[in-house]
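Have the viewer open and follow along.

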Amino acid sequence: MAVPIRVRFAPSPTGYLHIGGARTALFNWLFARHTGGTFVLRVEDTDQSRNTAEAAQAIYDGLRWLGLEWDEGPQVGGNFGPYFQSQRHEIYERHLARLQTAGHIFEDNGALRFRSPREHVVVDDIVCGRIEFDLTNEETHPDMTIRRPDGSWIFHFVNVVDDIEMKISHVIRGEDHLSNTPKHIELYRALGAEPPRFAHIPLILNHDGSKMSKRDSGARISTYIEEGFVPEAVRNYLCLLGWSPKDDREKLAIEEVVRLFELEKVHRKNATFDLTKCTWLNGEYVRELPDERFFALARIALARAGLDTSKFPEPYVRAALATCKGKFRIFSELPAYGGFYFSDEIRYQAEGVAKHFMAENKPRLLALRNSFASLENFDATSIETALKATAADLGVKVAALVHPTRLAVTGSNAGPSLYHLLEILGCRKVLARMDAALEMFPA
């Protein structure tokens, strides 16, 4: 009879959800969904001096934002709880007593240590292959502490006990834990338990080959939320850090990844994190968002920048945002790109002012302003016709009017289609902004 597939993600709530932890959780979740197994969330909070409820909540929020709902664990429940190590003291005491009775434990200056059998341990890892560890030398492999003199538990012991008690069938974790695995196998055997299958996934490195730390750009999942990434794009990118569909595709629906995902196809070499590529992929997802979701996320991004869209008519907001769709990669870029629709406080780009607000352009912009004022219908077609006719009358290229006009009404050298944005702003607002800009020109 096949053993039920049960995997776990076991973070410590000491700060925030790291990109590496999120990728570990994702690979566990993918394996569980691919096999029809169970994904367990377990909180390793034995270090009470560093753990906080806020950090635990950040983990829950980050996982849920990525769409990685757990089947058992905090806020969900299950048959193998409690799911906080801080609440499992009696369970650890019971397993410690078993080791003591069997003669596996000795005291050393108030600490309790596990007596190693001094043997060669083979780890048959699904990703890394068969690795033999020599644990016979006491100098290179000292007997490990499992309980400190103050009574607190060491990670190795409680980790193994929890995996036994929760019937974890596969331990999928970062390769930095590979060296701990032979110690864990010794504990499994001493407790009379069959070790799970292990799969140590490649580390996530920076471009310079260093391991990603909390200070590195892109290390925190909360950053992606704050910067306006969409979760499916970040999740898609994380899937490609150590795994691929073998056909060079980069944009994959999560349903397809679940269908294709196998631990045997996880790469052996370390993965290099590329925030630029993740940002590009996010832009591809943003471009294809359904309108209603795009509008909702856009409003959130604008609100974070202090721009309240609720002050404007709904048709105006939708028309304005529609001109921005597909023009930026992450929603934090939207305020700079299209924020001019929702604020009359125009801040002109300095380089644009130097280039386009020249004395010779002032009469040209004034002529265009007067041409716009005479239009009966202020729509994109009429605006384009008026601008081109004014350029012809002045004997200048169309660009000589387009660039200063854009700068005058938006403050930027780039943005949505000029004729459409002018139509959406409306004649009164466009004329007012052009008048204010004309005051900026040298006499």
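## Ground rules

Helices (H or I, at least four residues) and strands (E, at least two) are DSSP runs, numbered from the N terminus. This is a predicted model, where local features need pLDDT of at least 70, side-chain atom pairs count only at pLDDT 80 or more, and totals for chains, interfaces and linings use all residues. Residues are numbered from 1 along each chain as its sequence is written, and side-chain values use heavy atoms, leaving out hydrogens and water.

## Asn-206 in its loop

Asn-206 sits in the loop between strand 10 (204–205) and helix 6 (221–227). Is Asn-206 buried or exposed? Its relative accessible area is 14%, so Asn-206 is buried (buried means under 20%, exposed over 50%, partly exposed in between, with a 1.4 Å probe and protein chains only).

Leaving aside residues up to four places away in sequence, Asn-206 touches Lys-211, Met-212, Asp-216 and Thr-272. Contact here means heavy atoms within 4.5 Å.

## Helix 3

Ile-91, Tyr-92, His-95, Leu-96 and Leu-99 are buried in helix 3. They cover an arc of only 130° around the axis, so they lie on the same side of helix 3 (the arc is that of the directions from the helix axis to the C-beta atoms). An α-helix has 3.6 residues a turn, so residues three or four places apart point the same way. The buried residues of helix 3 pack against strand 3 (105–108), strand 4 (111–114), strand 7 (145–147), helix 4 and helix 5 (181–190). On the other side of helix 3, Glu-90 and Thr-101 are exposed. After helix 3 comes Gly-103, with a positive phi near 80°.

## Helix 11

In helix 11 (residues 314–322), the buried residues are Tyr-316, Val-317, Ala-320 and Leu-321. Their arc around the axis is only 120°, which puts them on the same side of helix 11. Their cover includes helix 10 (291–304), helix 12 (334–338), helix 17 (418–425) and helix 18 (427–438).
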